[in-house]
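This briefing is meant for a reader who is meeting the structure for the first time. It begins with charged side-chain pairs, then turns to one helix contact and to the overall build.

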Amino acid sequence: MVMSSELDRTTVLGDTAGAAGHIARICFKTGPPRLTGVELEWTVHDAADPARPVDRERLRRALGRHSPDTIGGTSPAEPLPGGGIVTVEPGGQVEISAPPQSSIAALTAATETDIAALTAVLNAAGLVLGHTGIDPWRPPRPVVETPRYQAMRCVFDQRGPAGRTMMYSTAGLQVCLDAGEPERLAERWAAVHAVGPPLLAAFATADRHAGRHTGWASARMAAWLAIDPARTRPVWSPARPDRDPVAAWIEYVLAAPLLCVRDDGPDWTPPTGVTFADWLAGALPRPPTTDDLEYHVSTLFPPVRPRGYLEVRYLDAQPGREWTLPLAVLAALLAEPATTRTALTVAAPVADRWHAAARYGLADRPLAAAAAALFDLALTALPGLDLPAGTREETSRGIRRRRAVAERGHR
């Protein structure tokens, strides 16, 4: 049952069926695949001393009119020249969210324009962008404090230090892909999960953190895996490969514990262990609204998160223009149904090796073999992305270089 509230003009959810219907409507929007987007995140460092802390005020001054309201209350938060929006994460990481584009070439061009603009304003303030998926020099340290981030820290601290590492030290690369036509959704959903471990291994950049080698190929993903499996484990599993994506995601959302409960006051920390299903059943003083449900979804961090489109979250930040390579590989693997099916077949035997991918990277032989095969498949499909000749050749060289590393890993 769904009721309309006259007090706050939001929709009050009265039961699980109403919540499930809302999740299905907002999280899986199907249709012909057309758009691709990226979100690029970096740690930020003092140019002269990368181990020196960078505080919120220095970031606010550097970003100027592009500052988000979380660090610059009077900033207009203007987009960058290519249309990307700047956000600043809890540890001072800077992120560009690029507008989705109908071609990889257009997306790359607009995003490179924004990276150049961001780099210029930071350089003018003596700051530089990091090159890896975790801060190689500094230990975790809060820079931006909001009620959301304070509640996150409080909940994550109950399980150990991994939450602080994730919040304050990690940087990722997210690729956003259309969910596809209804009849293709399950296959695309499975494929984008299954290729995750080999691509995580192939693009791992986060082996050094806080001045030491961590023993992980991706200490960034190690932190995610250690936080809370109820909100970070994959939704799709090779143990249940044919599970309906919508049903699986609804179950995941409702079973996840609350991370924040928004309030007028500064403390948004939820009661321990209360899930959204519990909230629907009356565990909190007021019933949840659709807005509460959407906010709850924003606090779930699986390797692939449905947000109307498929948000791929398992990749480490890449150095320089290398960010274009995993973008091109994923776009190529998902470009045509036949290629997607082949990618799923190639990756299926290693689709559950998330821990091994984070720990060993391409030193894990099954993952290295799968990555090499996926790179071959991506190279075959690359002409279908309609890239300019120069960009296609640059991308092809980069993928071949990564393929050679993967080939050495499985010998």
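In this predicted model, the count of salt bridges comes to 26, taking as a salt bridge a side-chain nitrogen of Lys or Arg within 4 Å of a carboxyl oxygen of Asp or Glu. Side chains of opposite charge can pair when their charged atoms come close.

**Salt bridges**

- Glutamate 78 and arginine 65 meet through their side chains in a salt bridge, with 2.9 Å from N to O. This pair links distant parts of the chain, since both glutamate 78 and arginine 65 lie in the loop between α2 (56-63) and β5 (85-88), 13 residues apart. Glutamate 78 has a relative accessible area of 33% and is therefore partly exposed.
- Glutamate 145 forms a salt bridge with arginine 153, again through the side chains and with an N to O distance of 2.9 Å. Glutamate 145 is partly exposed, at a relative accessible area of 32%, whereas arginine 153, at 16%, is buried, because buried means under 20% relative accessible area.
- Glutamate 311 and arginine 307 are joined by a side-chain salt bridge of 2.9 Å, N to O.

**The contact of α13 with α16**

- Helix α13 (residues 324-333) and helix α16 (residues 365-381) have axes that come within 8 Å and cross at roughly 75 degrees. Angles of 65 to 115 degrees count as roughly perpendicular, so α13 and α16 are roughly perpendicular to each other.
- On the α13 side the contact is made by Val329, Ala332 and Leu333, which meet Leu374, Phe375, Leu377, Ala378 and Ala381 in α16. The residues of this contact divide into eight nonpolar, no polar and no charged.

**The protein as a whole**

- The protein has 17 helices and 12 strands. Its radius of gyration is 21 Å, close to the 22 Å that the globule rule gives for 411 residues, so the protein is as compact as a globular protein of that length.
- The C-alpha trace spans about 60 × 50 × 40 Å along its principal axes.
- Of the 411 residues, 55% count as buried.
- Among the contacts with a separation of 6 or more, 73% are accounted for by residues 24 or more positions apart.

Conventions. Residues are numbered from 1 along each chain as its sequence is written. This is a predicted model: local features need pLDDT of at least 70, side-chain atom pairs count only at pLDDT 80 or more; totals for chains, interfaces and linings use all residues. Side-chain values use heavy atoms; hydrogens and water are left out. Helices (H or I, at least four residues) and strands (E, at least two) are DSSP runs, numbered from the N terminus. Buried means under 20% relative accessible area, exposed over 50%, partly exposed in between (1.4 Å probe, protein chains only). Axes are lines fitted to C-alpha atoms, for helices over the stretch in contact, and angles run from 0 to 180 degrees between N-to-C directions. Angles under 35 degrees count as roughly parallel, over 145 as roughly antiparallel, 65 to 115 as roughly perpendicular and the rest as oblique. Contact means heavy atoms within 4.5 Å. Ala, Val, Leu, Ile, Met, Phe, Trp, Tyr, Cys and Pro count as nonpolar, Asp, Glu, Lys and Arg as charged, and the others, Gly among them, as polar. The radius of gyration is taken over C-alpha atoms; the globule rule is 2.2 Å times the number of residues to the power 0.38.
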